[in-house]
Amino acid sequence: MDFFMQLLVNGISLGLLYALSALGFVMIFKSSSVLNLAHGELLAIGAFVFLVLSAWADLPIIIAFSLTLIGTFFLGFLVERLFLRPLIGEKLIEVIMMTLGLGIMFKGLLLFIFGGDIHAYPDFLPEGLSFELGNIFIPSVNVATFVIGILFLIVFGFFFKYSSQGIYMRSVADNQPAALSLGVHVRRVFAMSWAIAFIVAAISGIVLGIINGVNVHSLSAVGLKVFPVVILGGLDSIGGAILGGIIIGLLETFTGGYISTSLREIIPYIVLVIILMVKPYGLFGLVEIERV
Amino acid sequence: MENEIRLLVNNISVVYSDVIQVLKGVSLNVTKGHIVSLLGSNGAGKTSSLKAISGLLKPENGKVTEGSIEYDGAPIQNFSPEEITRKGIIQVLEGRQEFKYLTVEENLRVGTATRWGKPYKEDLELVYHYFPALLVRKKSLAGYCSGGELQMLVIGRALMAHPNLLLLDEPSLGLAPLLVKEIFQIIKRINREQGTTLLVVEQNANMALQIAHYGYVMENGKIVMESNAEDLRENPDVKEFYLGTAASGALKSYKDVKSYKRRKRWL
């Protein structure tokens with residue numbers, strides 16, 4: 001029972017991380033229908049920016065974290081401006097190929113600068129964060145993941161639900177010509193969605209870096225995991241991304257705990273295949289509203 | 001002040017994809033504070049004219065190739081929709097283009113995009129004042145609203161932007177006659193009470209001419225007739241081809257109705 005609870009806690013905190021990472025992916029897809037194949041590299045970029053600021057520049061953690069978020073936000077704007085805006089109006093497949101190219105380029109750049117070794121952040125999480133619940137020990141990394149995951153999911157949830165910018169972004173995803181007719185700055189919305197995707201990717205990249213160490217290959221591989229998450233949850237649903245993330249996180253830890261650790265990495269993709277066969281729109285994909 | 005020109009469309013030609021010409025020298029002007037209607041059958045170029053004004057030709061690969069469009073004396077042809085909407089020209093698209101997955105109130109809030117960050121509570125109240133039906137539905141998804149509610153929603157959404165010139169594309173499309181009447185009454189009230197200048201494109205010529213001050217008739221990408229609304233209503237050709245009433249009002253004999261007998265005088 002204790003083992004079960006331990007896996008449950010681990011699974012949920014891992015799942016929240018996946019959810020956060022998938023959120024950035026869903027944002028871009030919702031506003032511009034682009035599948036961002038560079039998502040794993042965005043995670044890696046965030047993790048390495050934080051590494052440079054926290055370990056190399058030796059800044060206090062809070063400042064390094066905030067600077068990473070601000071930096072990746074502007075990086076997102078820049079990437080959209082330089083590489084994706086010129087492709088607006090081109091075929092979607094060209095834009096998706098562009099993200100594939102961007103991913104390979106980012107990965108190459110990171111490997112060139114930082115090499116393929118595993119780097120580590122300075123030990124900054126206070127031991128006091130960890131606590132014991134009955135016989136289960138919850139390490140501070142999991143507590144931090146949990147808090148950060150919940151916090152940012154709520155922040156972004158509120159942003160999309162209530163803020164004007166969030167509503168404009170959803171309006172573009174919903175009906176682009178109508179949004180244009182009301183003066184919504186559609187190009188700015190695309191840029192915003194990339195900037196926000198960079199931020200949420202950076203957050204999940206940093207937390208993954210705390211757990212597994214910072215390594216280009218392993219971080220960009222996690223990017224691939226957004227696919228099972230978003231396909232399970234429904235490509236265009238933010239709520240679905242969150243639930244999909246938690247389900248995949250739980251599946252991974254339970255498979256790893258009860259069946260075999262080597263199956264752990266494969267199980268999300270097995271689920272992906274099954275979901276695509278039985279419910280291709282995902283569990284929580286938008287129900288097409290049709291008036292008859 | 002009374003006869004100040006808000007919009008001046010001067011002999012414009014519009015071409016889609018560099019080859020398909022849809023407007024061949026359209027000129028019209030809209031006086032400040034007036035309702036002007038633009039009539040014509042399908043494919044006459046009414047919608048293209050509106051899109052030329054609002055800048056929405058651009059995303060459809062259309063362009064104003066000749067002529068000029070002046071708004072309050074400054075040229076605006078081929079500007080981007082972002083710039084034109086910020087000058088206060090808002091187009092209500094044909095066919096009720098609501099945001100399905102947004103609630104009614106969120107739909108209205110998108111109307112504030114041209115003046116982001118400014119307070120909008122009073123504008124919401126104003127819209128609910130004109131369209132009380134929307135107040136009841138404000139928390140429900142627009143995708144589940146009826147056609148009449150949606151037409152009110154998209155007009156209300158445009159009002160949120162504080163338009164100086166509102167371009168309405170077929171507000172009567174697919175609505176029951178009573179509802180059409182109600183919508184047109186509200187349009188007239190908005191014009192009178194808010195001083196909004198309106199350019200209304202319509203198939204329902206009867207309704208449009210009842211509320212308009214001035215009217216234009218389009219055919220094959222050209223303006224073929226223009227006049228005061230009353231004169232247009234009385235014009236025998238307009239009566240015959242757009243209002244569907246006989247010239248005398250009495251029943252005509254079969255030979256008079258035969259379409260080859262009567263030809264449009266302007267062709």
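Q: Which residue stands opposite B:Val217 in strand 10 of chain B?
A: B:Met225 of strand 10 stands opposite B:Val217. Helices (H or I, at least four residues) and strands (E, at least two) are DSSP runs, numbered from the N terminus.

Q: What kind of model is this, and how are residues and chains labelled?
A: This is a predicted model, in which local features need a pLDDT of at least 70 and side-chain atom pairs count only at pLDDT 80 or more, while totals for chains, interfaces and linings use all residues. Residues are numbered from 1 along each chain as its sequence is written, and chains are lettered from A and ligands numbered from 1 in the order in which they are written.

Q: What scores does the predictor give the complex?
A: The complex receives an ipTM of 0.87 and a pTM of 0.85.

Q: And what is the average pLDDT of chain B?
A: The average for chain B is 88, and 90% of the residues score at least 70. The pLDDT is the predictor's confidence in each residue, from 0 to 100.

Q: Back to strand 10 of chain B: how many bridges join strand 9 to strand 10?
A: Six bridges join strand 9 (residues 214–219) to strand 10 of chain B, and the two strands run antiparallel. Two strands pair if DSSP finds at least two bridges between them. One bridge of chain B links B:Glu219 with its partner B:Lys222 in strand 10.

Q: What do strand 9 and strand 10 of chain B form?
A: They form a hairpin with two residues between the strands. In the turn, B:Asn220 has a positive phi of about 50 degrees.

Q: In what order do the strands of the six-stranded sheet of chain B lie?
A: The order is 6-7-8-3-9-10, in an open sheet with mixed pairing. Strand 6 (89–92) and strand 10 (222–228) of chain B stand at the edges, each with a single partner strand, so one side of each is left without a neighbour in the sheet.

Q: What about the sheet of four strands in chain B: what is its order?
A: That open sheet has the order 2-1-4-5, and the pairing is antiparallel. Here strand 2 (20–31) and strand 5 of chain B are at the edges, and each has a single partner strand, so one side of each has no neighbour in the sheet.

Q: How many bridges join strand 1 to strand 4 of chain B?
A: Eight bridges join strand 1 (residues 5–16) to strand 4 (residues 62–71) of chain B, and these strands run antiparallel. In strand 4 of chain B, B:Glu66 is the bridge partner of B:Ser13, and B:Ile69 stands opposite B:Val9.

Q: How does strand 4 pair with strand 5 in chain B?
A: Strand 4 and strand 5 (residues 74–75) of chain B pair in the antiparallel sense over two bridges. B:Tyr71 has B:Ala74 of strand 5 as its bridge partner. In the hairpin of these two strands, which has two residues between them, B:Asp72 takes a positive phi near 50 degrees.

Q: Is B:Ser17 buried or exposed?
A: B:Ser17 counts as exposed, with 9 C-beta neighbours inside 10 Å. A residue is buried if 20 or more other C-beta atoms lie within 10 Å of its own, exposed if 12 or fewer, and partly exposed in between; C-beta atoms are placed from the backbone. B:Ser17 is found in the loop between strand 1 and strand 2 of chain B, and it has a positive phi of about 50 degrees although it is not a glycine.

Q: And B:Glu170, buried or exposed?
A: B:Glu170 is buried, with 22 other C-beta atoms within 10 Å. B:Glu170 is found in the loop between strand 7 (165–169) and helix 7 (177–194) of chain B.

Q: Moving to chain A, how many helices and strands are there?
A: Chain A has 13 helices and two strands. Of its 292 residues, 45% count as buried.
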